[in-house]
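Please read the following paragraphs with the sequence and the model side by side, and follow each named position in the structure as it comes up.

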Amino acid sequence: MAPFTAVVLLLAALRGCDGNLRFASYYGDDMVLQKAPQRAVLWGYAPAGATVTVFLSGPVKQKRACTSATQGIWRVLLDPVDAGGPYNVTASTPSSTAVLTDVLFGDIWLCGGQSNMYFKTSQVFNASEELALSAKYPHVRTFMAALNSSETELIDLIQVELPWSVPSARILSEFSAVCWLFGRYMFEKLKYPIGLVESCWGGTSVEAWSSPRALKQCGLQQTENSTKEKSSVLWNAMIHPFRTMTIYGAIWYQGEANADYNKNKYNCSFPAMIDDWRMAFHSGSGGQTADDFPFGFVQLCTNNKGATDDGFPDIRWHQTADVGFVPNYPMKKTFMAVTLDLPDEASPYGTIHPRDKQDVAYRLTLGARAVAYGEPDLLFRGPFPQLIWASETFVEINYDQLVSVRPSKDVFEVCCSVVTAPGGSSSRWVPAAVVAWSASAVRLNASSCQPSEVAALRYAWKDWPCGVKACPVYTANGVLPAPPFIVQKYEAGKRNIWKTKVVNLF
């Protein structure tokens, strides 16, 4: 109870001052509560000092009682409930009753980020067909927070955009496509209820979704930008309120706004935000939400086909804490959907908003199945180099898995330098064509570097590196693209995969 009551409860006091018994804003009919082994948290408002009793009726019955806390807040922790339903949840005092009907127990996923997470199901490719499927998934329930900001941390939402709902074409037409499709695909695998909580806002930076604690870890200061871009204002109003709710995991689609704003800090600010959310949700739920809950995210797609700057490539790299893949040491229990091969030049919503969200969600689902649910032997990420060797004329790359390869003239690039710190403004990056490949290796032509040596190698380091599902390197089944990477020959302080001795990869 202490972590919950330690927060300044100003909003709660304003909501609860009329003395009415009710649940907090994000509880409602048709909702999903987190299933066993975790325990679901229920809370709301009541007259100060009143005894609130909560009854759970359905396949399993429970009765829990508590005394209303200070400032008219009550809170109950249910015993673990297995997946299923429906249930009624009744909160009562001697003088009033509040009831939630058709409640299911399953896994709750929080969906956050900016406009590509906000992108509606009605805007995707084959939207009418997708919306028509909604009736087949009555156990995948949706909730959407309204767009609001706050200068201080709130314990409840200012406003609800879409209350908990059984899916319908009307509801889903306004709901996040990535969030819905992820939930639908997960339901098809898990076969039990999924609750989806959308809380995102277009055009927003990671700083707006981060607490002051997280920003401080990266040396970032509070900003005075526009309302939705100020540091922490969306964390305060649209994420912090949910910390009391028990959740299973989160998915995230953001980064475009940081391609030209604190870009070089993103390799710290994004992992710090994840860690801070985990700490806050664990504390706020009384230890019910895992302190390492699974966190999936979408690596940036594309925007400007002719771009020559490193904005998007740098953010893609920083999204992995400069490792290139996840999970990794600084980003444990995370998973990533690589999407740089899903451009949409004809998108009526702008090229920064590609309409293929089905592949995005499917790739996220693979990561969730492997990382969040521990499905063994599931291929969930694309090939990544495990060994690189360069001669005077060739660069050879050995991948960590079997690959399918297609010819390419310029998606691989080498840096030609005689210094031991390549990659700066004086460095020369030139295309390195694919000239041969084997089951797990690729050979590149690096002869254009002569008489300099090949000092670094990068892959897909452009805003728009390739066409639709047409990058050079994929998993052997052709489903998952290799993520972008950059490796320096003389890199210090990291696992150096660049070998100086001749290695036969073919």
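Which residue of β24 stands opposite Arg 458? In this predicted model, the residue opposite Arg 458 is Ile 486 in β24. The two strands concerned are β22 and β24, the latter covering residues 485–488, and they pair in the antiparallel sense over four bridges. β22 also pairs with strand β18, which runs through residues 412–417, again in the antiparallel sense and over six bridges. Strand β22 itself spans residues 453–459 and is mostly covered, since six of its seven residues are buried. As a general point, strands of a sheet pair through backbone hydrogen bonds, either parallel or antiparallel.

Ala 460 lies in the loop between β22 and β23, the latter at residues 473–475, and its phi is near 55 degrees, a positive value in a residue other than glycine. Ala 460 counts as buried because its relative accessibility is 2%, and the cut-off for that term is under 20%. On the β18 side, Ser 427 is found in the loop between β18 and β19 (428–431). Ser 427 also falls under the cut-off and is therefore buried, with a relative accessible area of 17%. The C-alpha atom of Ser 427 is separated by 43 Å from that of Asp 291, a residue 136 positions away along the chain.

Helix α6 comprises the 14 residues 177–190, which at 1.5 Å a residue should span 20 Å, and its end C-alpha atoms are 20 Å apart, so the two values agree. Eleven of these 14 residues are buried, so α6 is largely enclosed by the rest of the structure. Among the buried residues of α6 are Trp 180, Phe 182, Arg 184, Tyr 185 and Phe 187. Helix α9, at residues 266–284, has 19 residues and reaches 26 Å from its first C-alpha to its last, close to the 27 Å expected. Just after α9, Gly 286 takes a positive phi of about 65 degrees.

What does the interior hold? In soluble globular proteins, nonpolar side chains tend to be buried together. Here the largest nonpolar core has 110 residues, and those with the most contacts inside it are Tyr 27, Trp 74, Trp 277 and Phe 412. There is also a second, separate core of 44 residues, which includes Trp 109, Met 117, Ile 251 and Cys 301.

Empty space is the next topic. Rolling a probe the size of a water molecule over the atoms shows where such space is left. The structure holds one cavity of 30 Å³ or more, and the largest cavity has a volume of about 110 Å³. Residues lining the largest cavity include Phe 325, Val 326, Met 336, Arg 363, Phe 380, Arg 381, Gly 382 and Leu 480. The lining as a whole divides into nine nonpolar residues, one polar and two charged.

Val 326 leads from the cavity to the backbone. This lining residue is joined to Pro 327 by a cis peptide bond with an omega of about -5 degrees, and Pro 327 has its place in the loop between α10 (311–318) and β14 (334–337). Asp 322 is found in the loop between α10 and β14 as well, and although Asp 322 is not a glycine, it has a positive phi of about 65 degrees. At 15% relative accessibility, Asp 322 is under the cut-off and therefore counts as buried. Another cis peptide bond joins Gly 85 and Pro 86, where omega is about 5 degrees. Pro 86 is found in a strand, namely β7, which covers residues 84–92.

Note on methods: Residues are numbered from 1 along each chain as its sequence is written. This is a predicted model: local features need pLDDT of at least 70, side-chain atom pairs count only at pLDDT 80 or more; totals for chains, interfaces and linings use all residues. Side-chain values use heavy atoms; hydrogens and water are left out. Buried means under 20% relative accessible area, exposed over 50%, partly exposed in between (1.4 Å probe, protein chains only). Two strands pair if DSSP finds at least two bridges between them. A nonpolar core is a set of buried Ala, Val, Leu, Ile, Met, Phe, Trp, Tyr and Cys residues joined through side-chain atoms within 4.5 Å. The expected span of a helix is 1.5 Å times one less than its number of residues. On a 1 Å grid over the protein atoms alone, a cavity is a set of points where a 1.4 Å probe fits but cannot get out, and a pocket is an open set with protein on both sides within 12 Å along at least five of seven lines; lining residues have an atom within 4 Å of a point. Grid points are joined across faces, edges and corners, and a volume is the space filled by probe spheres set on the points. Ala, Val, Leu, Ile, Met, Phe, Trp, Tyr, Cys and Pro count as nonpolar, Asp, Glu, Lys and Arg as charged, and the others, Gly among them, as polar.
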